[in-house]
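Visitor: Could you take me on a close look at the aromatic rings here, and then at the surroundings of the ligand? I would like the cut-offs along the way.

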Amino acid sequence: MTEPITTYKTSGNIEIIRADFPILSRKVNGKPLIYFDNGATSQKPKSVIDALDNYYSNQNANIHRGVHTLSQEITLDYENARTTIQKLLNAAYSHEIIFTKGTTDGINLVATSFGKRYVGLGDEIIVSAMEHHSNILPWQQLCDEKGAILKVIPINDAGELQLEEFKKLVNSKTKMVAISHVSNTLGTINPIKEIIKLAHAKNVPVLVDGAQAVPHTIVDVQELDCDFYCFSGHKLFGPTGIGILYGKEKWLNAMPPYQVGGGTIKTVSFEKTEYADPPLKFEAGTPHIAGAIGLAAAIDYVNAIGLNTIASYEYELLTYATEALQKIDGLKIIGTAKQKASVISFIVDGLHPFDIGTILDQLGIAVRTGHHCTQPLMARYGISGTVRVSFAFYNTKYEIDEFIEGLQRAIKMLK
Ligand code: PLP
């Protein structure tokens with residue numbers, strides 16, 4: 001992503017950072033855990049666990065509705081969490097930040113709500129060949145319902161978007177471009193700023209699936225000029241069940257509510273309901289209050305290290321692991337884009353990814369195997385699955401050495 005560095009500027013000692021993550025000191029199958037499945041979900045620092053504990057131990061109350069002290073205190077914390085996320089994404093207003101269940105929920109919200117108002121018969125939605133199912137199915141379903149057409153930006157063999165093809169796809173019928181910032185399977189960092197510029201030149205809004213980007217790089221939604229940006233708290237060292245949808249104010253004002261109920265209204269009568277302004281219009285029912293508090297704690301933690309520092313360190317891990325993997329006979333890396341985040345997918349001649357993953361697990365090494373919720377991408381490469389390793393800032397070169405040794409052992413056993 002950026003130029004490599006050799007140590008963390010904060011502590012100079014990664015062991016100090018690792019000690020903040022209780023799970024990293026546990027054993028799996030009698031071996032110290034080596035956790036390389038950060039793309040699926042990341043581990044949680046003590047400060048996040050403590051924030052959740054503190055919420056349920058000392059702060060528990062419902063938000064926005066109570067005059068009593070507990071309710072007022074937690075309402076303030078919940079809204080402060082929104083501001084923390086606004087700052088993380090550099091959104092213009094805190095009301096552009098909607099709390100969701102996660103990336104999938106955010107994309108469904110936009111596909112349903114935006115789709116209801118703006119998509120009709122014969123319209124087109126553009127996604128890419130490398131999308132996660134969560135950024136395909138909501139659009140596919142919308143197209144089925146409305147008689148619209150799903151178009152797909154192709155990729156080259158390295159796993160990079162073919163921008164010339166994209167330019168040909170965008171036209172006056174296009175209603176939305178929905179694209180991942182970073183591919184969860186290939187690690188490709190997409191040129192989303194350029195894509196947004198090209199789409200906007202044809203007056204087409206862009207939704208960015210940032211699930212794999214936010215934990216690894218600085219995201220500035222105003223600089224990108226994206227219309228929507230989604231991510232999941234649990235991949236950003238926060239709790240599960242909480243996520244974020246950023247939406248430009250003009251769209252959030254224009255879109256109908258996704259789900260309706262308590263919290264979304266200004267006034268209700270049996271004849272007519274007046275809905276609240278964003279963000280409350282999109283947050284029906286009691287939200288995941290603890291999740292919002294925990295996510296803010298996770299962001300504070302990440303900010304204390306610095307996303308630039310994280311990106312540089314992870315680039316070092318990516319380069320180190322890629323070089324080591326390339327030396328293994330019969331191993332092929334799937335996804336060799338010039339711009340990559342710390343995700344590596346690979347296959348080994350004649351071996352099933354599942355078998356490799358199972359042996360690595362016996363050695364305490366957690367990797368992901370399978371299609372990674374990207375079956376169309378697997379079809380593009382003519383494979384059924386890969387082994388995927390995905391790194392976070394608490395991983396080390398020592399762990400990569402152990403993984404490479406374990407992988408070589410697994411290959412020997414299986415061949
Ligand atoms: N998009 C991408 C690129 C992902 O990697 C993932 C999860 O792996 C998702 C969407 C879905 O995220 P969630 O399950 O947190 O909603």
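Guide: Rings of Phe, Tyr and Trp (its six-membered ring) pair if their centres lie within 6.5 Å; planes under 30 degrees apart count as stacked, over 60 as edge-to-face and the rest as tilted. By this rule there are 18 aromatic pairs. In one of them, the ring centres of F237 and F393 are 4.7 Å apart and the planes are at 50°, so the pair is tilted. F237 sits in the loop between β9 (228-232) and β10 (243-247), while F393 is in the loop between β17 (386-390) and α14 (397-414), so the pair ties together parts 156 residues apart in sequence. Helices here are DSSP runs of H or I with at least four residues and strands are runs of E with at least two, numbered from the N terminus.

This is a predicted model, in which local features need pLDDT of at least 70 and side-chain atom pairs count only at pLDDT 80 or more, whereas totals for chains, interfaces and linings use all residues. Residues are numbered from 1 along each chain as its sequence is written, and side-chain values use heavy atoms, with hydrogens and water left out.

Buried means under 20% relative accessible area, exposed over 50%, and partly exposed in between (1.4 Å probe, protein chains only). F237, at 1% relative accessibility, counts as buried, and F393 is buried at 0%. F393 has another partner: its ring centre is 6.2 Å from that of Y301 with the planes at 25°, so this pair is stacked. Y301 belongs to helix α10 (residues 289-305), so its pair with F393 ties together parts that are 92 residues apart in sequence. Y301 counts as buried too, at 12% relative accessibility. F237, Y301 and F393 share one aromatic cluster with F21 and Y394.

Now to the ligand. A residue is near it if one of its heavy atoms lies within 4 Å, and the residues around it include G39, T103, H132, D209, Q212, H234 and K235. That shell divides into one nonpolar, nine polar and two charged residues, where Ala, Val, Leu, Ile, Met, Phe, Trp, Tyr, Cys and Pro count as nonpolar, Asp, Glu, Lys and Arg as charged, and the others, Gly among them, as polar.

For polar contacts, the cut-off is a pair of N or O atoms within 3.5 Å. A polar side-chain atom of K235 lies 2.6 Å from an oxygen atom of the ligand. The side chain of H234 has an N or O atom 2.7 Å from a ligand oxygen atom.

Note on methods:
A polar contact is a pair of N or O atoms within 3.5 Å; within protein, one must be able to donate a hydrogen and the other to accept it, and residues adjacent in sequence count only if both atoms are side-chain atoms.
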